[in-house]
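Please look over the chain shown here. The notes that follow take a helix pair, a strand, a loop residue and the chain totals in turn.

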Amino acid sequence: MWHTKELEQVFTELATGDQGLTENLADMRLKESGYNELKERKGRGVLTIFVEQFKDLFIGVLILATIVSFLLGETIDAYVILIIVFVNAVMGLAQEYKAEKAIERLKELSSPSATVLRDRNIRAIPARAVVPGDIVILKAGDFIPADGRVCEASYLKVDEASLTGESIPSTKVTEVLPDAPLADRENMVYMGTVVTDGRGKAVVTATGMNTEMGKIAEEIQAMKLEKTPLHEKLERFSKYLAGIIGGLCVIIFFLGILRGVDTFEMFLTAVSLAVAAIPEGLPAIVTIVLALGVQQMIRRNALVRRLKAVETLGSATIICSDKTGTITRNEMMVSQLYSSPRLYTLSGQGYSQEGSFYLHAGSNAQPHPEEPDTQLLLLLRIGALCNDSRITAESVIGDPTEASLLVSAAKAALHKEELDIKYPRVKEIPFSSERKLMTTLHKIDTTYHVYTKGAPDVILDLCTHVLEGGTIKELTKEKKDEILSVYHEMASHALRALAMAYKDIETLPEDTGSVELDLIFVGIQGMRDDPRAEVKEAISVCRKAGIKSMMITGDYKTTALAVAADVGITGGALTGQELEQMTDEQLAEDIDGIGVVARVSPEHKTLIVSALKAKGHVVAMTGDGVNDAPSLKKADIGIAMGITGTDVAKEAADMVLMDDNFASIVSAVEEGRHIFDNIIKFIYFLLCCNVGEIFVLFLAILLGLSRPLLPIQILWINLITDGFPALALGSEPPEEGIMDRPPRDPQESIFAGGRGASIVEMGLVMSVLVLAGFYFVGQGDAHARTLAFSSLVFVQLAHAFNARSEKRSIFKVGVFTNMWLIGAVIVSVVLQLAVVYTPVLQPVFGTSPLHLEDWLIILGLSGIVVVAGEIKKKVN
């Protein structure tokens, strides 16, 4: 009952303190308590996946047929068919198991993190490494990693709906409470709930299955292997095709009987053809290629959380991106300061604390070094104290803008750690995107200093006086206009500006509503965040690919336009206020001409997504905050920031940028197009082969020829051509010009663009060539059947090279540019030669040795398939 105990008692029982644990002690506790994670329902095991391979109707019929073969004494055929079915099942098992493992790896990569105090330092660690006694630091947007007793709270509110069902966030306190139901324990926080506002700290009291979430065994933040739109289309198509092929196999069965072929032999032939021709494995192979493609995306700093995003990325028509940290470097540095009436330049690089202050003496005078005066020191002190960020030797913890204020203060020898001791914070009103400001209260003796920072226009509206030359003066309209002109000048040079104000009060008010009124304006700090070097090229690539780039930022219009001009984003500009005044119809009409939307709140992003989708766009939207979750969910592709993004944003997103870089979005789009291209290639190849197999038997019966293939040969062809070459096509390198074509229509059929007709045509070509060879060598005997059998294998392998590109010649693509395919073809050829020339296998597969002239015929027929494919590409 941790909520009924004093904090000191809690610390004592957990053998910890308000400074947290040491790393050594945390490691010991991790060994004792185990990882902080819920025990999940186990996924499908190897045996389960293997058994599921035999649930297909036609596989069942084939197994039944082999049992009948045993009863009739045809034991060799029965054994071989069972072996082939078993091998098929093993290959299916390997594919599906690999897909499951790929998804599990993605889940591990997308697991949340936690910020804790260890060895008196703030550290970000995996949430699963949190142990009892850890001090967890909480801020708006965080998922709470474990159960804990609140030990510090500043406007801390937590959404506990996932645990208690209560829709209103719980306001947290540090005081001891009497025994109470879970929903009323306001001094406790619980695993899996979400901080919606404020900040605080909690001492961890329970982890893993000992948490309240663990007690009800609720799985949270689990990534599921879901069916993608393409996956569902292929499942429907497979069922539809199964009906057609099943019908054709029935026709072939009865036609064979009418021709006098043995009934059971014809039955085996029809069932074998159905097993070979129905692409029941297509959805599984698609999942594998998508999952492996996701691994490729990780190497390009894009972590895909939902497989459907891979497909959708290739269809994206617009990328709506934040400015700070995505288009820019996210390494803010204060470069100008305005302390009325003086304007300073501050030198330095990034987060280095080396730098000097230079005073502008006039428009034509050169800046010269200057020691900060009292007013400038106050401006810097406000920036450092009204601030929740920290800079360590390893990294910046917190907001980069706030971090830049710590650095500018440090350049004047004002260090955050020392200031916090001298000016202890007693209260705060946290920043929110709606208020656009933050206030902290600090006690010195009997006086409380109110320090406020925020957007210059917002701060000025709260000020009645201005500090000028060290003297407090009334803030006149003329002075306000002068300050705004300085701010606009900074913004025009792509500087982000934050204004600072203060006042002193004698007593701490219970109601904070009046604290931010009647302030004294102190000055402005302008920081720059240079565009990433690679973004300009990435936006150019987008333009060639038919993808529009739109910058959406909370920054000011002039700043946003300056950055947009630097990186090549074109189009008009809107502000959030102008957006609100437009009707939905006006916005939808004008949205295509907009390149920059500035001063937006998260709610505006949802309006923008709706307007773009109404115009038929496939929208990729970035976001990092708690309130960005609705727009990320509404977008076709929600993209969260991996570094600055909150856990809530990452949960809502389809993809997480591990480096917060716009160029990585473009790389992901390119990879999405590449993956989808490869999926289409192996689907096309498999269906051409399956159609060819049907035509071979169907036309042979219609033309009065003897059976060109035995049931076991049909199953063998299915094994060696549907397996290795098809998967190898899934590893095809990206084609040239993949980003020089417009986005794919997501509603487009996989048979669009004449692809469906081409499948039938190439299947017919392959079947005619095989039957021509079969007829030419005399048909009817084992030799002719072996030639037909080998011809069908080789023309299908040759067609795999045609399938490598729909438009470009194989000789331009390069025969040896996909060594996986070369390897797959070699393996298939070796296996085929084995069944033709190995004496022990010849009676099993009904083959006889082929002569040199036979191989010349087979190679000639294979060459004709390649030529036919080349002609089709030229004609189309």
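## A helix pair

Helices α24 and α25 cross with right-handed geometry. This is a predicted model. In it, α24 covers residues 662–702 and α25 covers residues 711–722. Their axes lie 11 Å apart, and the packing angle is about 165 degrees. Angles over 145 degrees count as roughly antiparallel, so α24 is roughly antiparallel to α25.

Which residues make the contact? On the α24 side they are F685, L686, N690, E693 and L697. On the α25 side they are I714, I717, T721 and D722.

## An enclosed strand

Strand β25 spans residues 594–598. Is β25 largely enclosed or open? Of its 5 residues, 5 are buried, so the rest of the structure largely encloses the strand. Buried here means under 20% relative accessible area.

Strand β25 pairs with β23, residues 548–552, through 2 bridges. The two run parallel. Strand β24, residues 572–575, is joined to β25 by 4 bridges. That pairing is parallel as well.

V596 has M551 standing opposite. V596 also has A573 standing opposite. M551 lies within the 548–552 range of β23, and A573 lies within the 572–575 range of β24.

## A loop residue

Where is N187? It is found in the loop between β5 (170–171) and β6 (188–189). Is N187 buried or exposed? Its relative accessibility is 0%, so N187 counts as buried. The cut-off for that label is under 20%.

## The chain as a whole

How many helices and strands does the chain have? The secondary structure comes to 32 helices and 28 strands. The chain has 876 residues, and 55% of them are buried.

The accessible surface of the chain comes to about 36,700 Å². Carbon and sulfur atoms account for 58% of that surface.

Definitions and conventions. Residues numbered from 1 in each chain as written. Predicted model: local features only at pLDDT ≥ 70, side-chain atom pairs only at ≥ 80, totals over all residues. Heavy atoms only, no water. Buried < 20%, exposed > 50% of the residue type's maximum accessible area, 1.4 Å probe, protein only. Pairing = 2+ DSSP bridges. Areas by Shrake-Rupley, 256 points an atom, 1.4 Å probe, with all protein chains shown as cover. Axes fitted to C-alpha atoms, helices over the stretch in contact; angles between N-to-C directions. Parallel < 35°, antiparallel > 145°, perpendicular 65-115°, else oblique. Left-handed = near helix turned anticlockwise from the far one by under 90°. Contact = heavy atoms within 4.5 Å.
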